[in-house]
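Student: I've got a structure up on my screen and I'd like to talk through its surface and its strands. Can you take my questions one at a time?

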Amino acid sequence: MIRSQQQTLASCVFFLSTATPLLSYASGFALIENSASGQGNAFAGAAATAEDASTIYFNPAGMAKIDHQQFTTAGHLVFPDAKFNNKNSSQSALVGGGPLTGDDSDGGQFAIVPNLYYLRPINSRITLGLGITSPFGLKTEYDDDWVGRYHGVTTDLKTVNVNPSISFKVNESFSLGAGLNAQYADVILTSAIDIGALCFAAVNPATCTASGVTPQQADGFAELTGDNASSITLGYNLGLLFEFNQATRIGLAYRSKMKHKVKGDADFTVPANANFLTASGLFTDTDLKSTVTLPDSLSLSVLHRYNSQFAIMADATWTGWSKFEELRIKYDNPVQPDSVTTEDWNDSWRFSLGVHLRLNGPWLLRGGVAYDQTPVPDSRHRTPRIPGTDRTWVSAGLRYATSDRWSVDVGYSHLFIDKTKINNTFESSVPTLAATVDGEYEAAVDILSAQLNWNF
């Protein structure tokens, strides 16, 4: 009977969560916010522009176009809104099929995404670089007593990716790049447990009622924490950059999948009047482990300069989310079986179009739009932890160069997010836990970015 509750909790250890696709800002729960200069034109042409050291992340071959040492640091302020509107969320029919209690809630949480880059030309052909970014992550938090509390309350994912890179200039038109990625991930996830519904399945309704352990009236709580500190994940990225002429440039960049091996703890809280359910060892604090593969991606970008003042760029990025067929988690407590959650995500695409307009003096204006496709296939596979839907970006930004050595970028994006229907039934081997969250999300995201570039 513990299996079902653990399935829900376990399924979220890396499928992070509530606003994952709603509140993360690229495909699935990937974060594309890895430069403020790119933010200004919705990251259109990111693998081809190579205008500052953030090219280390988007296409390491672009480092060959920068002929001096450069230090770049950026920060992104994310203001998400994800209001859940309950329609007909209900308990399992085996415990009466009544409505799930609790209020609607907004899981959106303010977040800061930082980036740091440094590159150094070694000679006329070779440039070395280092990037530190956060390619996946989010923070979301619902009220503890909200209507979907059994599916999730809090999720907090942080990743740190250290990316040493090298570029090689084959000739004036063609360059290659490669990088090694070492990625750390840390996650905290909490969820309520319907102990009363479990009791109805494990004992009998009369005994449970006599003890005051009834559905939705005797909630427990679970917290899962984990990281991959004992086995840092390694991957790689590759890129090429080709100039047809001084006006037109094309970039191709690939980032490998990342297989994370997570270890951590599961901590359970059970109401005192339900302790008879834990006599066999159920809901006992235990270690856990899980393996999850984060997707690879491939980007094709084009930059075309019409003249010294005006340029247009475009980008198409594919992300291999179809690798997420299921998530399995194992517990050291032998009473608790593996938890398996089916995801069936699809590969997804992101398309963007942007412009640069250089004004007289130190100013460069940017603008861009993008369409970002969700990997979540349908409302049945959406959960309060993974309610992804399509997003449309509108972005603007500017660069101000105070001198040849210093420049500042700022960027702003508003993400228009389609209303998201959800009709997800809790996967469980215990039928009394098969509650259904039925409703709709209304969401939007605002992102404000700033970046400092230092040439020396």
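Student: Is Lys259 buried, partly exposed or exposed, and what is its relative accessible area?
Tutor: Keep in mind that this is a predicted model. Lys259 is found in strand β10. The cut-off for exposed is over 50% relative accessible area. Lys259 therefore counts as exposed, with a value of 51%.

Student: Which element gives the largest share of the positive patch?
Tutor: The positive surface patch is formed by Lys257, Lys259, Lys261, Lys263, Lys289 and Lys330. Lys259, one of these, is found in strand β10. The largest share is 3 residues, and the element they come from is β10.

Student: What about negative charge: where is Asp285, and how exposed is it?
Tutor: Asp285 gathers with Glu223, Asp265, Asp267, Asp287 and Asp332 in a patch of negative charge on the surface. Its place is in the loop between β10 (258-269) and β11 (286-294).

Student: Which loop holds Ala50, and what is the relative accessibility of Ala50?
Tutor: Ala50 has a phi near 50 degrees, again a positive value in a residue other than glycine. You'll find Ala50 in the loop between α3 (36-39) and α4 (55-58). Ala50 counts as buried because its relative accessibility is 9%.

Student: Which elements give two or more residues to the nonpolar patch?
Tutor: That patch is on the surface and is formed by Tyr306, Phe310, Val355, Leu357, Leu359, Trp363, Leu365 and Tyr400, with about 660 Å² of accessible area together. The elements giving two or more residues are β16 (348-358) and β17 (363-372).

Student: On to the strands. How many residues are there between β5 and β6 in their hairpin?
Tutor: Strand β5 (residues 154-169) and strand β6 (residues 174-194) run antiparallel and are joined by 14 bridges. To find the pairing on screen, look for Asn161, which stands opposite Gln183 in β6. The number of residues between β5 and β6 in the hairpin is 4.

Student: How many bridges does β6 have with β8?
Tutor: Start at Ala178, which stands opposite Leu238 in β8. β6 and strand β8 (residues 233-243) pair in the antiparallel sense, and the number of bridges is 10.

Student: Last one: which residue in β7 stands opposite Val187?
Tutor: β6 is also joined to strand β7 (residues 219-227) by 9 bridges, and these two run antiparallel. Within β7, the residue opposite Val187 is Gly226.

Note on methods: Residues numbered from 1 in each chain as written. Predicted model: local features only at pLDDT ≥ 70, side-chain atom pairs only at ≥ 80, totals over all residues. Heavy atoms only, no water. Patch = residues over 30% accessible without salt bridge, like charges linked within 9 Å, V, L, I, M, F, W, Y side chains within 5 Å. Areas by Shrake-Rupley, 256 points an atom, 1.4 Å probe, with all protein chains shown as cover. Salt bridge = Lys/Arg side-chain N within 4 Å of Asp/Glu carboxyl O. Lys, Arg positive; Asp, Glu negative; His and termini not counted. Charge placed at Lys NZ, Arg CZ, Asp CG, Glu CD. Pairing = 2+ DSSP bridges. Buried < 20%, exposed > 50% of the residue type's maximum accessible area, 1.4 Å probe, protein only.
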